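Please look at the sequence and the structure below before reading on.

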Amino acid sequence: APAVTGVDNRFGGVNASTTVIESDLRVENPNPIGVDLGGVTVDYDVSMNGIGMATGGREGVSLPRGESALPLTSRMRNERIPAWWVSHVNGGERTTLTVDASVHSSTLGWTVGAPEVSREIRTDLIGGFDSNETRPVNANRPLVSDPVLYVNETSAAWGDANESATPIDMDFTVYNPKATPLALTEIGYTVTMNDVVVGEGATNRSYVVPGQRSRTLETTTRIDNPRLDEWWVSHLERDQTTDLRIEFYATLDVAGDSVRVPLDALTYTETFETDVFGTKAGNESVGGSADGGAGAATTS
């Protein structure tokens, strides 16, 4: 009987709803002549963290003698990306990719499976947000003495992701250099991935930082998971590379006036790259920064 010696996978085209996965199933036919396997069925499944991402199959193939490659095409619905993302984040930013393929002949009565493809995908998207660098916050307003605030420390951790949102719990340790208390009525944010807005909003609470004192402000940003299928398209179009960016602003009560101040010093950027099927030129680590912090995204 012929034997399946391996399977090669790669991404094909992608559009707003569908990702094409192209595969070559390598089969060794030890017979001295070609074999017409009209009763053969090829089954193919791709899963990520146990979530079925794509299935494919083919019926009626002919094998030349020796080794040959059976081309297969499967289509993944991009709407499955949010479910995978939740499993990736809740699993410590780790994904196990598995590809199962088998060939079955009802005529000859045999089934052979391809060697299982299993790869681990790892990322570190927000680790670089942790920083103890002191950064000034300026209002840039007439009659206001800058800086109005210092940010001395930042940290971030994933919350529990669900079907609708991925929370990021963030802490900002700030210092008020003025003698009088400073009120922050809101902290707002925008999260983009390859310029696709995947989250935006503002806190619904206010904070007061006493004069010449420090205080840790706790806030949560959220990624809207239903928007991630749009991000996925951009990720593949850029050869599996993404630029993550989180921008912040604060609304301050300064001398009785409400002043919206962009927190440019806190803008967080991280570039991460994946190699889902291991078919790129090499697995690389790509650094990111958060104004003094550094992170890395890796795949293996």
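## Cavities and a helix pair

The second largest cavity is lined by Trp84, Trp85, His88, Ile121, Thr123, Leu125, Trp231, His235, Phe272 and Thr274. Here a cavity is a set of points, on a 1 Å grid over the protein atoms alone, where a 1.4 Å probe fits but cannot get out, and lining residues have an atom within 4 Å of a point. The model is a predicted one, in which local features need pLDDT of at least 70 and side-chain atom pairs count only at pLDDT 80 or more, while totals for chains, interfaces and linings use all residues. Residues are numbered from 1 along each chain as its sequence is written, and side-chain values use heavy atoms, with hydrogens and water left out.

Helix 1 and helix 2 each supply at least two residues of this second lining, and helix 1 gives the most, with three residues. Helices (H or I, at least four residues) and strands (E, at least two) are DSSP runs numbered from the N terminus.

These two helices also pack against each other: helix 1 (residues 81–90) and helix 2 (residues 228–237) meet at an angle of about 90°, with their axes 8 Å apart. Axes are lines fitted to C-alpha atoms, for helices over the stretch in contact, and angles run from 0 to 180 degrees between N-to-C directions. Helix 1 is therefore roughly perpendicular to helix 2, a term that covers angles of 65 to 115 degrees. Ile81, Pro82, Trp84 and Trp85 of helix 1 make the contact with Leu228, Trp231 and Trp232 of helix 2, where contact means heavy atoms within 4.5 Å. By class, this contact has seven nonpolar, no polar and no charged residues; Ala, Val, Leu, Ile, Met, Phe, Trp, Tyr, Cys and Pro count as nonpolar, Asp, Glu, Lys and Arg as charged, and the others, Gly among them, as polar.

The structure holds four cavities of 30 Å³ or more, a volume being the space filled by probe spheres set on the grid points, which are joined across faces, edges and corners. Two of them are set out here.

| Cavity | Volume | Lining by class |
|---|---|---|
| Largest | about 70 Å³ | 11 nonpolar, no polar, no charged residues |

The lining of the largest cavity includes Val137, Leu149, Phe172, Leu184 and Leu266. Strand 10 (149–158), strand 11 (165–175) and strand 12 (182–193) are the elements that give two or more residues to that lining.

Definitions and conventions: Parallel < 35°, antiparallel > 145°, perpendicular 65-115°, else oblique. 1 Å grid on protein atoms, 1.4 Å probe; cavity = no way out; pocket = protein on both sides within 12 Å on 5 of 7 lines; lining within 4 Å.
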